[in-house]
Amino acid sequence: MASEFEKRPIHRGGCHCGRVTYEIVGPIDGRVSECNCSICTKKAYIHWIIPRERFRLLTPWEDLATYTFNTRVAKHHFCPKCGVAPFYIARSDPDKIDVNLRCVEGVELTSLKIRHFEGRNWETAIASERDTASER
Ligand SMILES: [Zn+2]
């Protein structure tokens with residue numbers, strides 16, 4: 001684990017007030033997406049899902065507020081002070097970290113290819129996503 005964090009680059013991110021902060025090791029790679037489900041539409045997440053080993057939360061987990069709904073698999077963490085949600089645990093990948101790229105410092109969103117995820121029809125969308133997983 002420690003060796004992962006000796007690699008570069010390290011990205012830093014967090015909420016608005018600074019209570020929730022984290023570090024991520026490695027480049028911004030893989031799939032970056034927006035989703036049109038009921039909560040992502042309102043929160044405006046830019047999703048980037050990474051293995052937990054690449055993510056280091058610098059805030060105690062107990063300090064996060066968490067919202068759940070529907071299947072309650074997704075853990076919509078957010079800062080209890082400023083309300084910003086710099087990462088969460090996604091229903092599609094509960095063993096990973098879904099980083100909100102809007103909250104990562106120095107990321108130029110216009111330079112990224114942001115794919116669309118049809119979260120309004122989640123079951124269909126996730127099935128087709130897994131069929132094409134080899135493209136990632
Ligand atoms: Zn905050």
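**Strands, sheets and core**

Reader: In which sense do strand 3 and strand 4 pair?

Author: Strand 3 comprises residues 32–35 and strand 4 comprises residues 47–51, and two bridges connect them. Helices (H or I, at least four residues) and strands (E, at least two) are DSSP runs, numbered from the N terminus; two strands pair if DSSP finds at least two bridges between them. For strands 3 and 4, the sense of the pairing is antiparallel.

Reader: What kind of model is this?

Author: Residue numbers start from 1 along each chain, as its sequence is written. Local features need pLDDT of at least 70, side-chain atom pairs count only at pLDDT 80 or more, and totals for chains, interfaces and linings use all residues, for this is a predicted model.

Reader: Which residue in strand 9 stands opposite histidine 47?

Author: Strand 4 also runs antiparallel to strand 9 (residues 96–100), to which five bridges join it. One of the pairs across these strands is isoleucine 49 with aspartate 98. Opposite histidine 47 stands asparagine 100.

Reader: Which residue in strand 9 does phenylalanine 87 stand opposite?

Author: Strand 8 and strand 9 run antiparallel and are joined by two bridges. Across these strands, the residue opposite phenylalanine 87 is valine 99.

Reader: How many of the five residues of strand 9 are buried?

Author: A residue is buried if 20 or more other C-beta atoms lie within 10 Å of its own, exposed if 12 or fewer, and partly exposed in between, with C-beta atoms placed from the backbone. Strand 9 is largely enclosed by the rest of the structure, because the number of its five residues that are buried is four.

Reader: Which residues in the largest nonpolar core touch the most other members?

Author: A nonpolar core is a set of buried Ala, Val, Leu, Ile, Met, Phe, Trp, Tyr and Cys residues joined through C-beta atoms within 7 Å. The largest one holds 18 residues, and strand 2, strand 8 and strand 9 are the elements that give it two or more residues. The members that touch the most others are Phe87, Tyr88 and Val99.

Reader: Which residues does valine 99 touch, not counting those up to four places away in sequence?

Author: Two residues are in contact if their C-beta atoms, placed from the backbone, lie within 7 Å. With residues up to four places away in sequence left out, valine 99 touches Gly13, Ile24, Trp48, Ile50, Phe87 and Val104.

Reader: Which residue in strand 2 does glycine 13 stand opposite?

Author: Strand 1 and strand 2 (residues 21–25) run antiparallel, joined by five bridges. They belong to an open, antiparallel sheet of three strands in the order 1-2-5, in which strand 1 (10–14) and strand 5 (55–57) are the edge strands, each pairing on one side only. Opposite glycine 13 stands tyrosine 22.

Reader: Is asparagine 70 buried or exposed?

Author: Asparagine 70 is in the loop between strand 6 (65–67) and strand 7 (76–78). Its phi is positive, about 50°. Because it has 11 C-beta neighbours inside 10 Å, asparagine 70 counts as exposed.

Reader: What is the radius of gyration of the protein?

Author: The protein has two helices and 10 strands. The radius of gyration is taken over C-alpha atoms, and the globule rule is 2.2 Å times the number of residues to the power 0.38. For 136 residues this rule gives 14 Å, and the protein is as compact as a globular protein of that length because its value is close to this, at 15 Å.
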